[in-house]
Amino acid sequence: MDPIMKIPNDRKPPRPMRLALLLGMTVLLFLLFLNHYGQVAESLLAKQIGN
């Protein structure tokens, strides 16, 4: 096996639950930002159409 691909024996094993939680929180944060900027864009477009 290539030495670069070998995992050292003293390294802690990855925790899949922590990784899944981190990915889930990242997706929720991304959706929150999309929702916020979508509302801002909608209000800007409504203001431009109104003028």
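Accessible areas come from the Shrake-Rupley method with a 1.4 Å probe, and for residues only the protein chains shown count as cover. This is a predicted model, in which local features need pLDDT of at least 70, side-chain atom pairs count only at pLDDT 80 or more, and totals for chains, interfaces and linings use all residues. Residues are numbered from 1 along each chain as its sequence is written, and side-chain values use heavy atoms, without hydrogens and water.

**Surface and dimensions**
- About 5,500 Å² of accessible surface belongs to the protein chain, 70% of it on carbon and sulfur atoms.
- The C-alpha trace of the protein chain spans about 65 × 25 × 10 Å along its principal axes.

**Helix and exposure**
- The protein chain has 1 helix and 0 strands, as DSSP runs (helices H or I, at least four residues; strands E, at least two) numbered from the N terminus.
- Helix H1 (residues 16–50) contains Leu28.
- Leu28 is exposed, because its relative accessible area is 55%, and exposed means over 50%, buried under 20% and partly exposed in between (1.4 Å probe, protein chains only).
- Buried residues account for 0% of the 51 residues in the protein chain.
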